[in-house]
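User: I would like to go through the terms used for this model and see what each of them rests on. Please set each value against its cut-off before you conclude.

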Amino acid sequence: MPAYRDATGTEIVDLNVAELLPLLKSGGLSAEAVMGAYLARIETHNPRLRAILEVNPHALQEARALDALPAEKRGALHGLPVLVKDNIDTVAPLHTTAGSALMANHQPETDAPVAARLKAAGAIIIGKANMTEWANFMTLGMPNGYSSHGRQTVNPWKEGHDTGGSSSGSGSGVAGRLAPIAIGTETSGSILSPSHQHGLVGLKPTVGLIPRTGIVPIAHSQDTAGPMGRTAADVALLAGVLQGPDGHDEATSNAPTLDFTLEPGALQGARIGIVREHYWDDLNAGQTELLEAAILALREAGALVTDPAPLPTATEMKGWHSEVLIYEFKADLNAYLSGVQNGPKSLLEVIEGSDADPEAAQKYGMTLLQAGQGTRGDLSERAYTLARQRDLRLSREEGLDPLFVSGLDALVFPRLAGAAVGAKAGYPSVNVPVGLESGLPLGLQLCGPAWSDADLLSLAADLHGRLGGWEAAPDPAEPRPA
């Protein structure tokens, strides 16, 4: 069995991606040793956390093959274990289920570009992450992290604490040190939410930066994949590999190539606005104190802070409006399912199959599935067009855009308060951990204009470092009861 510590005696699973990669590339650590450390961790702790639905049975074999490569053939992510959300296509021996028991036998014939780019860069997909079933677009009120295929994901910070969703297993897996980094997906909060709940840096990219081809969809106007890790530097390393055009995803056709080299001291001179309005209303005293301390840290780092930076459409955008997602869901999901060999071929078959299994597949209902099925499925309804126009008007034209045009580089929202705003606009957002409140992670959200993803990660890295840079959950070997 390989050693699970580096030359300094540090546990391999405590090393960040930015620390691991130089050791892997130089041979200071073998890919086999790193993979062995994480597989041992998964074997011990995943039965409780249920963060991972399926482990790659060839992971060690792939690691040994990478170890045999000469230095000049080692890729940017050489030997790095990466956990991938289970709505992202991966070829056999792995499956892609979207958390649904109905999809348990689905093995795509080709990798999604996200998975293919990871592999091409030398990363090893260690397994597929549990998730809120159908990316939390099955019903209203479904618990974050529950799926009929994998049951309830557990947050390693505290038993019973919210996992966030829908990339719940991606968050739990990284926080519990079952993988050094993970890929999640987001339509409205599904990367930011679990990153916040698990104390991770999570990038919800500009829509179109990273291809969505081969990812089980909700809505093409908002869907995106993105990395979730312990530090902004880790997230930036993966974002740089994953970005780029894909001929099957029109949204990527005009995407620029971003330089994800982080800028030291990025907060100096950065213009940052604090969005207040109703977004701060439900915070307790401890959360408010931590967030205000983070704003003070922005000022002390030399940022030019505008506080408040009023969001003109905040009142109109209050509440969650899902009309666009409901209309796009049927058309987009049917297009994906039409290529499934072993599983439902349409949204209607998902509903029928779930209805036949009320204890698992329909445990919490099918409100959203049924709402989507009730649409025409061709986006011809005038109500859809009006809803999309409204979302863009409130989130972009009359909402975020005036603030960015005024000179602000980024906006701060507390916790997940602005997730829907950035998601509807298609703009990038980053969750930044700011500390622990009552022993549980708290984050703030940085939102920027389109294609400012790399700049946001530089700001996040500077702030995260100034706030202590804490990055790992308690060892899940010590479960904390609810």
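**Helix contacts and the sheet**

Analyst: We can begin with a helix contact, in which Glu-323, Val-324, Tyr-327 and Glu-328 of H10 meet Ala-383, Tyr-384, Ala-387, Arg-388 and Asp-391 of H13. By class this contact holds five nonpolar, no polar and four charged residues. Please keep in mind throughout that the model is predicted.

User: What makes H8 and H15 roughly antiparallel to each other?

Analyst: Here helix H8 (residues 232-242) and helix H15 (residues 453-466) pack at about 160 degrees, with axes 9 Å apart. Since the cut-off for roughly antiparallel is an angle over 145, H8 and H15 are therefore described in that way. The crossing of H8 and H15 is left-handed.

User: Which residues make the contact of H8 with H15, and how do they divide by class?

Analyst: Ala-232, Val-235 and Ala-236 in H8 meet Leu-457, Ala-460 and Ala-461 in H15. This gives six nonpolar, no polar and no charged residues, because Ala, Val and Leu count as nonpolar.

User: Which strands does H15 lie across?

Analyst: H15 lies across strand E7 (201-204), E11, E12 and E13, and runs at about 15 degrees to E12.

User: What makes E1 and E10 the edge strands of the sheet?

Analyst: The open sheet is formed by eleven strands in the order E1-E3-E2-E6-E8-E7-E12-E13-E11-E9-E10, with mixed pairing. E1 and strand E10 (304-306) each pair on one side only, and that is what is meant by an edge strand here. From one strand to the next the twist averages 30 degrees.

User: Why does E13 count as paired with both E11 and E12?

Analyst: Two strands pair if there are at least two bridges between them. Strand E11 (residues 410-414) has four bridges to E13 and strand E12 (residues 429-437) has eight, so both meet the cut-off, and both pairings are antiparallel. Gln-445 of E13 is the bridge partner of Phe-413 and also stands opposite Asn-431. In the hairpin of E12 and E13, with two residues between the strands, Ser-438 takes a positive phi near 55 degrees.

User: What makes E13 mostly covered, and how do its side chains point?

Analyst: In strand E13 (residues 440-447), eight of its eight residues are buried, a word used for a relative accessible area under 20%. Leu-440, Leu-442, Leu-444 and Leu-446 point one way, whereas Pro-441, Gly-443, Gln-445 and Cys-447 point the other way. In a regular strand the side chains alternate between the two faces of the sheet.

Note on methods
Residues are numbered from 1 along each chain as its sequence is written. This is a predicted model: local features need pLDDT of at least 70, side-chain atom pairs count only at pLDDT 80 or more; totals for chains, interfaces and linings use all residues. Side-chain values use heavy atoms; hydrogens and water are left out. Contact means heavy atoms within 4.5 Å. Buried means under 20% relative accessible area, exposed over 50%, partly exposed in between (1.4 Å probe, protein chains only). Axes are lines fitted to C-alpha atoms, for helices over the stretch in contact, and angles run from 0 to 180 degrees between N-to-C directions. Angles under 35 degrees count as roughly parallel, over 145 as roughly antiparallel, 65 to 115 as roughly perpendicular and the rest as oblique. A crossing is left-handed if the near helix is turned anticlockwise from the far one by less than a right angle, and right-handed if clockwise.
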